[in-house]
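Open the model in your viewer and keep the selection tool ready. This tour goes stop by stop.

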Amino acid sequence: MSSPSYDADLLIVGAGPAGVAAAVMAASLQLRTLVVEAERVGEKLHRIGPVENVPGNWSTGPELAHALERDLERLQTAGRCSVVRARAAAVAARDKQAELTLDDGQLLCGRAVVVAAGVAELVPSDAAWLSAPDDFVPAPLWRAVPQDLAGRTYVLGGDRPLGTWLRAYSDTRKQLHVLCPPGDDYKTAEVAADDRVRIVPVAHVALARSAYGPEWTVRVKDREGKETSYAVDTVLNNLGTKPTAFDGLVQDADGYCPPRLQRPRILTVGDIRSGRYQRIVTSQGSGAEASLSVYYDLALPRP
């Protein structure tokens, strides 16, 4: 029987911190990689301000994103990596290869696939604890500038960009009223002592447009069942994220794709693995580890 024909040793979905780390590690092991990315390299990093918890003395997310882009350019120049501008649609594991189908129908084959597709932002309709008009599209917290926040500002959800925003605008005295469902309690612990934040534990929240005065009325049911209404000028989205899963990935009850559930030759890395590890450094580590595991576990040719 003839050996499979591979487009690359390793197919990598996503060119964020995890995907680029996987490509860099693979190149150091003399493995050919093909990176599939629909947007620009490090797309989500461009939305992040300070990156204080990332080694390397990086100042901002965009600065790190540009460094990742240079990494891929270096690998391409060396002939160790190719980049395809496309979106992944499906992945499959075969006896001697992994297959990746792109949204245009193209089929790519490799010894393994590393899925670093990351996460997408939640919208109000994704949150069971929140009722809002169908056409309501709140601006994301990470885009908000303190001087543009008029009047009383309420934040939907206590996801971790809250801490990033507070560090980015350390001099602002603007107060944020954060509507926090039970699932976000552990995320708000890091900012609970900040006097610019008022954490409002909630069981359910209903938003309605006001006929006069402040733009919104926010009706809050707390966790004891008591209801209170607030007049609100600005509402921001900080609901969190959901995994960018596609056909062929095995998801857990929360929609994430833990590595332990995946079929052989399919490795998930970065933010898509779990809601508990949404960190740049852990993403990079998981990407590099995936390439190492492919190198050893599948007995690939060694340099």
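This is a predicted model: local features need pLDDT of at least 70, side-chain atom pairs count only at pLDDT 80 or more; totals for chains, interfaces and linings use all residues.

To find the pocket, select Val123, Pro124, Phe136, Val137 and Pro138, the closest to its centre of the 16 residues that line it. What classes make up the lining of the second largest pocket? It has 10 nonpolar, three polar and three charged residues.

**Stop two: the main core**

Now select Leu10, Ile12, Val35, Leu72 and Val114. These residues have the most contacts inside the largest nonpolar core, which has 31 residues. Next, colour the elements that give two or more residues to this core: strands S1 (8-13) and S6 (107-115), with helices H1 (17-28), H2 (61-77) and H5 (280-297). The largest share, six residues, comes from H1.

Zoom in on Leu10. Leaving out residues up to four places away in sequence, Leu10 touches Ala26, Arg32, Thr33, Leu34, Ala112, Val114, Ser291 and Val294.

**Stop three: Arg196**

Go to the loop between helix H4 (185-188) and strand S12 (197-201), where Arg196 sits. Is Arg196 buried or exposed? Its relative accessible area is 7%, so Arg196 is buried. Show the side chain. One of its polar atoms lies 3.5 Å from the backbone oxygen of Thr172. Finally, select the residues that Arg196 touches, not counting those up to four places away in sequence: Leu166, Tyr169, Ser170, Thr172, Arg173, Lys174, Gln175 and Leu176.

Key
Residues are numbered from 1 along each chain as its sequence is written. Side-chain values use heavy atoms; hydrogens and water are left out. On a 1 Å grid over the protein atoms alone, a cavity is a set of points where a 1.4 Å probe fits but cannot get out, and a pocket is an open set with protein on both sides within 12 Å along at least five of seven lines; lining residues have an atom within 4 Å of a point. Ala, Val, Leu, Ile, Met, Phe, Trp, Tyr, Cys and Pro count as nonpolar, Asp, Glu, Lys and Arg as charged, and the others, Gly among them, as polar. Helices (H or I, at least four residues) and strands (E, at least two) are DSSP runs, numbered from the N terminus. Buried means under 20% relative accessible area, exposed over 50%, partly exposed in between (1.4 Å probe, protein chains only). A polar contact is a pair of N or O atoms within 3.5 Å; within protein, one must be able to donate a hydrogen and the other to accept it, and residues adjacent in sequence count only if both atoms are side-chain atoms. Contact means heavy atoms within 4.5 Å. A nonpolar core is a set of buried Ala, Val, Leu, Ile, Met, Phe, Trp, Tyr and Cys residues joined through side-chain atoms within 4.5 Å.
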